Amino acid sequence: MNISVIGTGYVGLVTGACFAEFGLNVVCMDTDARRIERLEKGDVPFYEPGLTELVSKGLREHHLSFTTDIAKAVDQALVIFIAVGTPSRADGSADLSYVEEVGRGIARHMTGYKVIATKSTVPVGTGEKLRDVIAANQPARCRFDIVSNPEFLREGSAIEDFLRPNRVVIGADSPEAVAIMRDLYRPLYLIETPFVVTDIPSAEMIKYASNAFLATKVSFINEVANLCEKVGADVQVVAKAMGLDRRIGPKFLHAGPGFGGSCFPKDLAALVQIGEQAEQEMDIAKSAARINERQRLLMVEKIRTALGGLKGKTIGLLGLSFKPNTNDLREAPALAIVEKLLAEGCQVRAYDPAALEEATKLLPKMTPCPDAYGAAEGADALVLMTEWNQFRNLDFDQVKKALRRPLFIDLRNVYEPERLAALGFHYVSVGRPARNPKPDA
Ligand code: NAD
């Protein structure tokens, strides 16, 4: 089967490369000519484990090709996936201009039946809107169906998530389109992936409700962590015991500096907007977003308290991306926290395994360092911001030698407080009592 994917960002490129891996012929299209030029050479413009290999394989086996020409993407494809961005507008609502632009482009070049499937996260009602846009822009009437096929992959494990998803959601009102979509995902049937086939509005809502729920879990545990600090409880133990209850589950119960990334903040804001338009207050989504904003500021206060003031202090920072195994800095808590530290008169020395170059462009006053120990060099404190694996086993003798004073602020609760105290560190984390160095350390 021939398919195409419009938009070659995290979602579009992973979708294209994985469908090529399923043996389909995939044309990936993007308006960014520089990106397409790089992709044609197998050069993936962002960091995602395993993606370069998959793209190279697709190119080599001629299952994958790239173009900037929408006509080429429409021509042979039976299914056209839309995977362009849906960023937040100033009022929080999703900006659908890219999706609509793609809709007009597809309409202009259609010569036969197509299934047009949105992978972009779009508000309820977008499927209908897209249907109108396409119908209004066709030079000659051609049959087509709209499908909502939201994507749930996580950056950092995107390929694994695509190839082994928890579920595939297909929202459609045409049995023909459903049959084609099922055929497309046949390899996942073989591994018994659950399929949820529903109407378009429900499929669109599933994505927002899922993201808002996960974001709420994070904000909930962060609020509990803040309370734990005040009442002398340990959030790690609390979260672990909560997670053992199968009705709750252990995922997304990690206290820290709050969530970031291109999806949770934007999708929460969009859900609140969808609610406003439908005159339905989305109080929980609003609170989850507000708590998340506050959490970043609380992390700055935590650093201030541990250091006894910020002005003139040097802070070493480990990790900048919004989570490990990605170089994505969109809405990363690190950006807001570093900006605030710099504004308060700190010097920030930072290292990140993948996002350093991009972060240095965004934060030119921050000092980029070649590794974790370079970031610690001469610093008054070392702050663990993003839990990359390579920060989970630091050589603390080296860290201690590099630091001006042995203060370790672990915003991801990676280390055991007792262990760090025994190694002679003043150890501060989230939702657990701070530990001072053992007297004999
Ligand atoms: P992205 O910003 O990484 O990529 C979007 C791509 O679309 C860019 O390369 C851009 O040049 C291209 N584009 C924009 N307008 C275009 C047009 N008219 N024609 C062709 N290409 C065009 O975005 P992303 O992170 O891949 O997200 C895409 C969508 O998927 C969003 O709606 C997002 O909410 C959703 N989503 C993202 C993730 C994630 O983890 N990133 C997960 C699930 C869903």
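Modeller: The model is predicted.

Colleague: Which elements supply the side of domain 1 that touches domain 2?

Modeller: Helix α6 (126–137) and strands β6 (144–148), β7 (168–172) and β8 (195–198) each give at least two residues to that side. By type, the residues there divide into 15 nonpolar, 12 polar and 7 charged.

Colleague: Back up a bit. Where are the bounds of domain 1 and domain 2?

Modeller: The domain assignment puts domain 1 at 2–198 and domain 2 at 199–441. In the contact, 34 residues come from domain 1 and 28 residues from domain 2.

Colleague: And what separates their centres?

Modeller: The centres of domain 1 and domain 2, taken over C-alpha atoms, lie 33 Å apart.

Colleague: What area is buried between domain 1 and domain 2?

Modeller: About 2,300 Å², with carbon and sulfur atoms giving 59% of it. Of the area that domain 1 buries against domain 2, 25% comes from Tyr47, Val124 and Glu155, more than from any other three residues.

Colleague: Glu155 is a charged one. What does Glu155 form a salt bridge with?

Modeller: Its partner is Arg330, and the closest N and O atoms of Glu155 and Arg330 are 3.6 Å apart. The count between the two domains is 1 salt bridge.

Colleague: How many salt bridges are there in the whole structure?

Modeller: The search finds 25. One of them joins Glu301 and Arg304, with the closest N and O atoms 2.9 Å apart.

Colleague: How are Glu301 and Arg304 placed in helix α13?

Modeller: Helix α13 covers residues 283–307, and because Glu301 and Arg304 are 3 residues apart in it, about one helical turn separates them.

Colleague: New topic, the sheet of 6 strands. What is the strand order?

Modeller: The order is β11-β10-β9-β12-β13-β14; the sheet is open and the pairing is parallel.

Colleague: Which strands stand at the edges?

Modeller: β11 (367–368) and β14 (426–428). Each has a single partner strand, so one side of each is left without a neighbour in the sheet.

Colleague: How many bridges join β10 to β11?

Modeller: There are 2, and β10 (residues 347–351) runs parallel to β11. Thr367 in β11 stands opposite Arg349.

Definitions and conventions. Residues are numbered from 1 along each chain as its sequence is written. This is a predicted model: local features need pLDDT of at least 70, side-chain atom pairs count only at pLDDT 80 or more; totals for chains, interfaces and linings use all residues. Side-chain values use heavy atoms; hydrogens and water are left out. Domain bounds come from an automatic or database domain assignment. Contact means heavy atoms within 4.5 Å. Buried area is the accessible area (1.4 Å probe) that two parts lose on being put together, summed over both. A salt bridge is a side-chain nitrogen of Lys or Arg within 4 Å of a carboxyl oxygen of Asp or Glu. Helices (H or I, at least four residues) and strands (E, at least two) are DSSP runs, numbered from the N terminus. Ala, Val, Leu, Ile, Met, Phe, Trp, Tyr, Cys and Pro count as nonpolar, Asp, Glu, Lys and Arg as charged, and the others, Gly among them, as polar. Two strands pair if DSSP finds at least two bridges between them.
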